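Q: Could we go through this model together? I would like to begin with the strands and then turn to the ligand.

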Amino acid sequence: MLGLRMGIDLGSASLHICVAGKGVVVSEPSVMVCDADTGKPVAMGNAAVEMLGRLPNSLKAVHPVRDGVMDHLEAAQQMLRPYITRQCGNRMFKPNVLMSVSTAVSRNEKRALLSVLSDCGCGRACFIDKPLAAAIGAGENCFKPSGVLCVEIGSGSVDAALISMGKVVQSACVRIGGRNMTTSIRRYLTHTRGYSVGFLTAEEIKKEVAGAVLRNTEVAFLVNGKRIADGIPELFEVTSTEMYWVLRNDLEAVAKTVESVLEKAPTELLSDVLLNGIVLTGGGANLYGIGPWLQERLSVPVRVAQEPEKAVVRGLDFVLRDVSRLFREEYVYLNAQTQED
Ligand SMILES: Nc1ncnc2c1ncn2[C@@H]1O[C@H](COP(=O)(O)OP(=O)(O)OP(=O)(O)O)[C@@H](O)[C@H]1O
Ligand SMILES: [Mg+2]
């Protein structure tokens, strides 16, 4: 096949791109800063994230993907086009793209995405379910007749899928992810502790001291916030135990999503999962203690993938190395004209 082969994982928090033969070439935040009047992007990725929380009224932050869903297609196109063009250089042939999508994406939404990719200068495009790509990227053999359960915990969504012979057999997707956990931390600090903190500070608290399990030794963290009562800035302390309790509801929603897939699983595939365990991927899988907690909660072995936030793009890279597999497994390359109803 002529032209570059490219894998794209555009998430609510980050954009990862791989190129066949080169591996992962882009890992940046999936945010743009745009002119508030014209909508024209002025910065994206790492450059845009430095400006967040410090924008004048003439500029606004735009997230092409919200809660795991690409509902701002024009923004997605604005964000993807420069990255795709940069990778292609001045090649004659258009790049062919494999894009990861949530298991909840409908055929119509895929069709709309095809137009976005085509407008970005891509030749042919095809889609792969995010948890399937993630499981492959986590090193699971998804192409044999045996059940693999992968739970991809992103920023905006949790996508759990039971996979066998290269296909998703059962899945569940909820629009709850790492971002909700960060929001829960901010809400708690506002309502219970009386402090207002920025989103990035709450993210830091989550990564430093929050957890799915209680730590043997409590950890404290100093935070810069603003007292809501009088607006005075103040340094205050949060503890890992407090944060453990703050995350209970969000974590329970993750467990319920996985349970719903286990409940619907055919018996043979369920026995495979009970034997082989569940694999956790996505940035949210970095949360302290999430593996042992889910294992205890569901009584099923759980392992966290290495660099879980890159599992999807590693899976895309793996599949792109063998284009014949794309055809064999029926993830055929389509374009806007050839996609049937
Ligand atoms: N050490 C950590 N502890 C807790 N959460 C973490 C940690 N590291 C990253 N995260 C969270 O992982 C999330 C980002 O994960 P990821 O990059 O997989 O999301 P995404 O792919 O952009 O989102 P989605 O696929 O849902 O649209 C963020 O919410 C971030 O706070
Ligand atoms: Mg993701």
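Q: How many bridges join strand S4 to S6?
A: Four bridges link S4, residues 32-35, with S6, and the two strands run antiparallel. Please bear in mind that this is a predicted model.

Q: Which residue in S6 stands opposite Val33?
A: Val33 faces Ala61 of S6.

Q: And what is the strand order in that sheet?
A: The order is S5-S4-S6, in an open sheet of three strands with antiparallel pairing.

Q: Why is one side of S5 and of S6 left without a neighbour in the sheet?
A: Strands S5 (41-44) and S6 (59-62) stand at the edges and have a single partner strand each, so one side of each has no neighbour in the sheet. On average, neighbouring strands of this sheet are turned by 25 degrees against each other, direction ignored.

Q: Which strands does helix H2 lie across?
A: Helix H2, residues 73-88, lies across S4, S5 and S6. The helix runs at about 110 degrees to S4.

Q: Changing topic: how many residues surround ligand 1?
A: There are 24, and the closest are Gly11, Ala13, Gly154, Gly178 and Gly283.

Q: Which elements give two or more residues to that shell?
A: Those elements are helix H5 (178-193) and helix H6 (199-208).

Q: Polar or nonpolar, how do the residues of the shell divide?
A: The shell around ligand 1 has 16 polar residues, three nonpolar and five charged.

Q: Which domains does the shell draw on?
A: Domain 1 (5-129 + 311-328) and domain 2 (140-304) each supply at least three residues to the shell around ligand 1.

Conventions. Residues numbered from 1 in each chain as written. Chains lettered and ligands numbered in written order. Predicted model: local features only at pLDDT ≥ 70, side-chain atom pairs only at ≥ 80, totals over all residues. Pairing = 2+ DSSP bridges. Axes fitted to C-alpha atoms, helices over the stretch in contact; angles between N-to-C directions. Contact = placed C-beta atoms within 7 Å. Near = placed C-beta within 6 Å. Nonpolar A, V, L, I, M, F, W, Y, C, P; charged D, E, K, R; others polar. Domains from an automatic or database assignment.
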